[in-house]
Amino acid sequence: MILVTGVSGALGGLMLAGLRAQPDLEVVAGTRSGDGHTARRIDFDDPGTLASGFDGVDTLVFVSAGYAEDDVVTARHGAVVAAAAAAGVRHVIYTSLSASTHHTTIAVPHLWTEKQLAAASFDVTVLRNGFYSELPVSLAAGAAESAAATGVFAAPFGTGRISGVSREDLAAVAVRVAAEIERDLRAGSGSAHAGRTYELEGVSSLSGAEIAEVLSESLGRPVEYRDVPLTELRDELLSGGLEPYRIGHTISLFSNLKAGFLHASHSDLPALLPTVARSMREEIAEAVSGPVAAG
Ligand SMILES: NC(=O)c1ccc[n+]([C@@H]2O[C@H](COP(=O)([O-])OP(=O)(O)OC[C@H]3O[C@@H](n4cnc5c(N)ncnc54)[C@H](OP(=O)(O)O)[C@@H]3O)[C@@H](O)[C@H]2O)c1
């Protein structure tokens, strides 16, 4: 039996749907709001739900539960590792963060979790997800109106590039890997995915100047890129009511982008994805002005 956690989330929901589309697999949903009938109640902050929630599970698709201070996230993830071992889960698939992000503060709880998993008794496959393309796509789409009015796309990219990958592509890889592992377990054979760490970096990357170019094409007017200094970004975040921990993570992310670290050089995505990876250029063009021809 496969259990997917965090199914009300975007990534968990896509994974659940993809696995449930395969009739030979027994797939159970896990969510904090589980009622015990349509979904099991799995709340990483409430370890009691994990002891019963992981009962009978062979393959656990453990979706990271970020969006909190690091010590809260590590406590959550530590509870999952301990409960999976205690329940006799045979294989854990963990959604981590890709190598290009490892200088960002966001990577810390993921790397900690990978370490706990590596020391556990069950088999592990780590899916190191690249940055969601949602970040540059929503930045560009959100800036379209002002770019149309001013001819300027302002963002804290410096001269850096960001590689991005869609959640749909990441979910498709996770579905493939989880289904293959579960079938291997049923067949009593070892899985080729056991002990593997896959770098699922985005295969397309964009600079601020290139996003301005896509905006220019979509809006039908010249758009210039302007870099935003980190001090300006920090002031904007401080006045925007963002939770304090998110301010630190956001500054760290853009500092890494400016330094050129978020441009990935290697990805296992093409080898594992059953289709061609989505392009961020097309995602932005679609978000701004509807589907356009690939270019
Ligand atoms: N690669 C990237 O660029 C990137 C960007 C942002 C986030 N992430 C990470 O990837 C994860 C999945 O992304 P997403 O897009 O699906 O995020 P999302 O749509 O915000 O969903 C996150 C889900 O995490 C689950 N969760 C939160 N607290 C939990 C807890 N205490 N116990 C169990 N589950 C909990 C919730 O699911 P239920 O309510 O169903 O339990 C929530 O819906 C995030 O949680 C974050 O760790 C990665």
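Student: Which residues come nearest to the ligand?
Tutor: Ser8, Leu11, Thr31, Ser64 and Arg167, out of the 23 residues around the ligand; a residue counts as near if one of its heavy atoms lies within 4 Å. This is a predicted model, where local features need pLDDT of at least 70, side-chain atom pairs count only at pLDDT 80 or more, and totals for chains, interfaces and linings use all residues. Residues are numbered from 1 along each chain as its sequence is written, and side-chain values use heavy atoms, with hydrogens and water left out.

Student: How does the shell divide into nonpolar, polar and charged?
Tutor: The shell holds 11 nonpolar, 7 polar and 5 charged residues.

Student: Which backbone atom lies 2.8 Å from an oxygen of the ligand?
Tutor: A backbone N or O of Tyr132. Another ligand oxygen distance, to a polar backbone atom of Val7, is 3.3 Å. A ligand nitrogen is 3.0 Å from a polar backbone atom of Gly130.

Student: How much of the ligand does the protein bury?
Tutor: The protein buries 85% of the 880 Å² that the ligand exposes when taken alone; areas come from the Shrake-Rupley method with a 1.4 Å probe.

Student: Switching to Ser191. Where is it found?
Tutor: Ser191 is in the loop between α6 (167-187) and β9 (197-200).

Student: Buried or exposed?
Tutor: Ser191 is buried, at 16% relative accessible area; buried means under 20%, exposed over 50%, partly exposed in between, with a 1.4 Å probe and protein chains only.

Student: What does Ser191 touch?
Tutor: His91, Ile181 and Asp184, leaving out residues up to four places away in sequence; contact means heavy atoms within 4.5 Å. The Ser191 side chain also reaches the backbone nitrogen of His193 at 3.1 Å.

Methods
Helices (H or I, at least four residues) and strands (E, at least two) are DSSP runs, numbered from the N terminus. A polar contact is a pair of N or O atoms within 3.5 Å; within protein, one must be able to donate a hydrogen and the other to accept it, and residues adjacent in sequence count only if both atoms are side-chain atoms. Ala, Val, Leu, Ile, Met, Phe, Trp, Tyr, Cys and Pro count as nonpolar, Asp, Glu, Lys and Arg as charged, and the others, Gly among them, as polar.
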